Amino acid sequence: MTSSAQTKAFNISADDKAAALALTPISREIEARLDRYVALLLEWQAKTNLVAPSTLPTLWTRHIADSLQLLSLAPSAKAWVDLGSGGGFPGVVLACALAEVPGARIHLVERIAKKAAFLREAIRVTGAPGTVHLADIGDTVDRIPGPIDCVTARALAPLHQLIGFAEPWVKKGAKALFLKGQDVEAELTEATKYWKIAPELHSSRTGGQGWIVELGSIERR
């Protein structure tokens with residue numbers, strides 16, 4: 001199936017793509033990489049559930065722009081760790097966006113072999129600077145060479161667990177950026193039972209009730 005046929009089959013909207021690129025402007029080179037990524041995602045989606053099928057018509061705003069907006073919160077970050085990369089959000093999107101940045105490297109951590117295989121193929125076809133780690137998160141801290149500028153995760157685990165995953169890197173100077181939904185306040189309340197944090201909340205550019213939780217320091221209670 002050609003990419004245009006895939007787009008029609010999955011009801012991918014050109015208007016949605018235009019809206020996404022208006023929210024998070026990128027170069028034509030980055031757009032071309034993302035087009036290759038989306039084509040591959042749709043090809044694999046037919047046999048592997050990488051994203052919720054209901055979100056495919058708004059793939060560009062719901063997933064790609066949502067991922068791209070992290071760059072404005074860490075504009076100088078080159079070394080990223082994306083925990084539980086799954087279908088590649090935000091990790092592969094960030095790798096595509098940083099492909100022309102000297103020294104950039106995105107580490108994609110995924111414990112499910114089929115999804116890790118997809119991520120490797122996505123990095124290959126986009127030519128993006130990514131490294132896929134097929135491993136549990138707890139087994140990757142010592143394997144990933146530092147220093148790391150930013151740790152991120154999306155739709156992976158409750159916030160108090162994410163903070164625990166990110167702590168080793170944040171202790172060494174990384175920033176954590178976690179994409180969260182409408183229950184962010186409840187998750188923050190729960191997290192403060194275990195962690196001393198001073199979170200900064202950013203409303204998602206993509207609307208809805210999405211939030212980004214920014215953490216510059218983490219201490220255990």
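Which hand does the crossing of helix 3 and helix 4 have, right or left? I kept that question for the second entry and began with the ground rules.

**Entry 1: ground rules**

I am reading a predicted model, in which local features need pLDDT of at least 70, side-chain atom pairs count only at pLDDT 80 or more, and totals for chains, interfaces and linings use all residues. Residues are numbered from 1 along each chain as its sequence is written, and side-chain values use heavy atoms, with hydrogens and water left out. Helices (H or I, at least four residues) and strands (E, at least two) are DSSP runs, numbered from the N terminus.

**Entry 2: helix 3 with helix 4**

I looked up how helix 3 meets helix 4 (residues 59–68): their axes come within 13 Å and cross at roughly 130°. For the wording I noted the cut-offs: under 35 degrees is roughly parallel, over 145 roughly antiparallel, 65 to 115 roughly perpendicular, and the rest oblique. The axes are lines fitted to C-alpha atoms, for helices over the stretch in contact, with angles from 0 to 180 degrees between N-to-C directions.

My opening question has its answer here: the crossing of helix 3 and helix 4 is right-handed. Right-handed means that the near helix is turned clockwise from the far one by less than a right angle, and left-handed means anticlockwise.

Next I listed who touches whom, with contact meaning heavy atoms within 4.5 Å.

**Entry 3: how covered is helix 4?**

How many of the 10 residues in helix 4 are buried? I found 9, so the helix is mostly covered. Buried means under 20% relative accessible area, exposed means over 50%, and partly exposed lies in between (1.4 Å probe, protein chains only). Among the buried residues of helix 4 are Trp-60, His-63, Asp-66 and Ser-67. The cover over them includes helix 2, helix 3, helix 5, strand 4 and strand 5.

**Entry 4: helix 3 with helix 6**

I moved on to helix 3 (residues 28–45) and helix 6 (residues 113–126), which pack at about 150° with axes 9 Å apart. They are therefore roughly antiparallel to each other, and the crossing of helix 3 and helix 6 is right-handed. On the helix 3 side I noted residues including Arg-33, Tyr-37 and Trp-44, and on the helix 6 side residues including Lys-114, Phe-118 and Val-125. The contact of helix 3 with helix 6 holds 8 nonpolar, 1 polar and 4 charged residues.

**Entry 5: the cores**

I then looked for nonpolar cores, which are sets of buried Ala, Val, Leu, Ile, Met, Phe, Trp, Tyr and Cys residues joined through side-chain atoms within 4.5 Å. The largest has 46 residues, and Leu-34, Trp-80 and Phe-118 touch the most other members. Elements giving two or more residues to this core include helix 2 (14–23), helix 5 (91–97) and strand 2 (105–110). Helix 3 gives the largest share, 8 residues.

Setting aside residues up to four places away in sequence, I saw Phe-118 touching Tyr-37, Leu-40, Leu-41, Trp-44, Leu-50, Gly-86 and Gly-87. A second, separate core has 28 residues, including Ile-144, Leu-159, Ile-163 and Phe-178.

**Entry 6: helix 7 with helix 8**

Helix 7 and helix 8 (residues 184–191) pack at about 60°, with axes 8 Å apart, and are therefore oblique to each other. Leu-159, His-160 and Ile-163 of helix 7 meet Glu-187, Leu-188, Glu-190 and Ala-191 of helix 8.

**Entry 7: loops**

I found a cis peptide bond between Phe-89 and Pro-90, with omega about 0°, and another cis peptide bond between Gly-146 and Pro-147, with omega about -5°. Pro-147 sits in the loop between strand 3 and strand 4, and Arg-143 also has its place in the loop between those strands. At 51% relative accessibility, Arg-143 counts as exposed.

My last stop was Ala-155, which has a positive phi of about 55° although it is not a glycine. Ala-155 lies in the loop between strand 4 and helix 7 (159–171) and is exposed, with a relative accessible area of 76%.

Methods. Nonpolar A, V, L, I, M, F, W, Y, C, P; charged D, E, K, R; others polar.
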